[in-house]
Amino acid sequence: MEKRTGTVLWILAAAANAVALALVFLYAPVEVQMGAVQKIFYYHVPSAIVCYVLLFLAFLFSVLYLWREEPLYDHLAYAAAEVGWVFITAVLVTGPVWGRSAWGKWWVWEPRLTSFLVLWLTYSAYFLLRLFSRGEGRTAKIAAVLAIVAFFDVPIVHKAISWWGSIVHPKKVVLEPPMRLTFLVSLVAVFLLGAALAFTRTRLGLLEAQKAEREGWA
Amino acid sequence: MNTLRVIWVLFEKDFREELRRKENVASSLLFALLSLVLFAFALDPTRVNLNETGGGLLWLVILFAGSLFMGGSFRKETENGTLQALLLSPTDRSAIYAGKFLLNLLFLLVLEALLIFFAFVLLDFRPGPGLPALAGSWCAVTFGYAAVGTLLSALLAQVRGGAVLYPILLFPLMVPLVIAAATLTERALSPRFSWTDPWLRLVLLFDILFFTASLFLFEYAVEE
């Protein structure tokens, strides 16, 4: 976990986001029906994708931690979950803005948005657990078990809510070529942002653990 | 002793303890009745037809009262210092989980039977010929609730503030079961219930998945 790797990641993420934003606002055409609000799409959807990837990583590192008991895996799992949570929040904040112009309401109990809300509640509970059990030896194991259980729950929550709800996200979106290019660049930009955040968060966790050890209260 | 015998011994020990102490059972059941009465005040049963919307409502009560009971199932072992003894016993760890799970399952089923009775008397809840369908689907939902509830109880037994955290951690995971319970209750009370209902299948999937995962993860949840 070298500091330099982090710096490189951050520079890449900043550059990619600058390009993505320029494409979103200057290059991509304005959508006919929704107008400028449609541009939220370029960050809304990538945030959702990156969040799924990060939550999967949190699950994976939690399994690895229980198996190998290597503290690094715990820091990685924690960082992935935390950054994933930030992206869930981004999806939840941009979703209603989209909904306001697409459906005329800030919130509709639409399946995908609703399952993100449940996801947000689940992972908020995970952080609460981390807060409450801070400084206790068994925290890492407890959190790992919870992350695994929560991850198994995600597809079932999604299935249940999609049966329960009625209005559906479009199954397949057909994008005009300039829109597709902009979307792909945004996807890369958000991925890099997620990677940079997760890297820095992991490094911070490791440094905190080192400090705690040095001061003798771990 | 084989594993089944161990599970039975552990179950019997907890069962007897709960009957003698009475406080956990009594407070959870009373809490359930109290919430039911408060729901009646909040919704006005003269205007709301509970036979249509009752399933979700009753399941909220089960969720709240059940979490009150299940949350304590491992905490009392930590408080009495008996968790160590349990863990030291030369047996498969998952047997400890299974014993606690059975007791929680039994409590929830008793709670549900009482709730249906009280809803019948107080809120005009009339399952009628749909009672077998209602019982079957509620048993399936309860199984999943007890499976996750018991695991989280073990997980939080040694965490500071575990009692506060327990429902906050548990309820988001229960979202699929709550929706399923509400929908299945509504269908059980109507003629269009079928035992191959996709909701029932989803609940069974949930049950199998989380019971198996809990048996496996329990060891990590209580390990020193």
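What pLDDT does chain B average, and what share of the residues score at least 70? Colour chain B by confidence: the average is 88, and 99% of the residues score at least 70. (pLDDT is the predictor's confidence in each residue, from 0 to 100.) You are looking at a predicted model, where local features need pLDDT of at least 70, side-chain atom pairs count only at pLDDT 80 or more, and totals for chains, interfaces and linings use all residues. To find your way, note that residues are numbered from 1 along each chain as its sequence is written, while chains are lettered from A and ligands numbered from 1 in the order in which they are written.

Now colour chain A in the same way. Chain A averages a pLDDT of 86, with 94% of the residues scoring at least 70. The model as a whole scores ipTM 0.86 and pTM 0.89. Where pLDDT is low, the predicted coordinates should not be read in detail.

**Stop 1: chain B as a whole**

Show chain B as a cartoon. You'll find 10 helices and 0 strands. (Helices, H or I with at least four residues, and strands, E with at least two, are DSSP runs numbered from the N terminus.) The radius of gyration of chain B is 18 Å, close to the 17 Å that the globule rule gives for 224 residues, so chain B is as compact as a globular protein of that length.

Of the 224 residues of chain B, 48% count as buried. (Buried takes 20 or more other C-beta atoms within 10 Å of a residue's own, exposed takes 12 or fewer, and partly exposed is in between; C-beta atoms are placed from the backbone.) Among contacts in chain B between residues at least 6 apart in sequence, 86% join residues at least 24 apart. (Contact: the C-beta atoms of two residues, placed from the backbone, lie within 7 Å.)

For confidence by element, pick helix 5 (residues 83-88) of chain B, where the mean is lowest at 82, and then helix 7 of chain B, where it is highest at 93.

**Stop 2: two loops in chain B**

Select Lys22(B), in the loop between helix 1 (3-21) and helix 2 (23-43) of chain B. Lys22(B) has a positive phi of about 60° although it is not a glycine. Is Lys22(B) buried or exposed? It's exposed, with 9 other C-beta atoms within 10 Å.

Next, jump to Asp124(B), in the loop between helix 6 (93-123) and helix 7 of chain B. Asp124(B) is not a glycine, yet it has a positive phi of about 65°. Asp124(B) is partly exposed, with 14 other C-beta atoms within 10 Å.

**Stop 3: helix 10 of chain B**

Select residues 198-222 of chain B. At 1.5 Å a residue, these 25 residues should span 36 Å, and the end C-alpha atoms are 35 Å apart, which agrees. (The expected span is 1.5 Å times one less than the number of residues.) Look for a kink of about 40° centred on Phe216(B). (The bend at a residue is the angle between axes fitted to the seven residues ending there and the seven starting there.)

Leu215(B) lies in helix 10 too. Leaving aside neighbours within four places in sequence, Leu215(B) is in contact with Ser94(B) and Tyr97(B).

**Stop 4: where the chains touch**

Show both chains. Here 24 residues of chain B are in contact with 24 residues of chain A. Helix 10 of chain B gives the most to chain B's side, with 7 residues. By class, that side has 20 nonpolar, 2 polar and 2 charged residues. (Ala, Val, Leu, Ile, Met, Phe, Trp, Tyr, Cys and Pro count as nonpolar, Asp, Glu, Lys and Arg as charged, and the others, Gly among them, as polar.)

**Stop 5: over to chain A**

Select helix 5 (residues 139-164) of chain A. A kink of about 30° lies at Val154(A), shortly before the proline Pro155(A).

Finish at Leu197(A), in helix 6 (residues 177-215) of chain A. With 22 C-beta neighbours inside 10 Å, Leu197(A) counts as buried.

Technical notes
Rg over C-alpha atoms; globule rule 2.2 N^0.38 Å.
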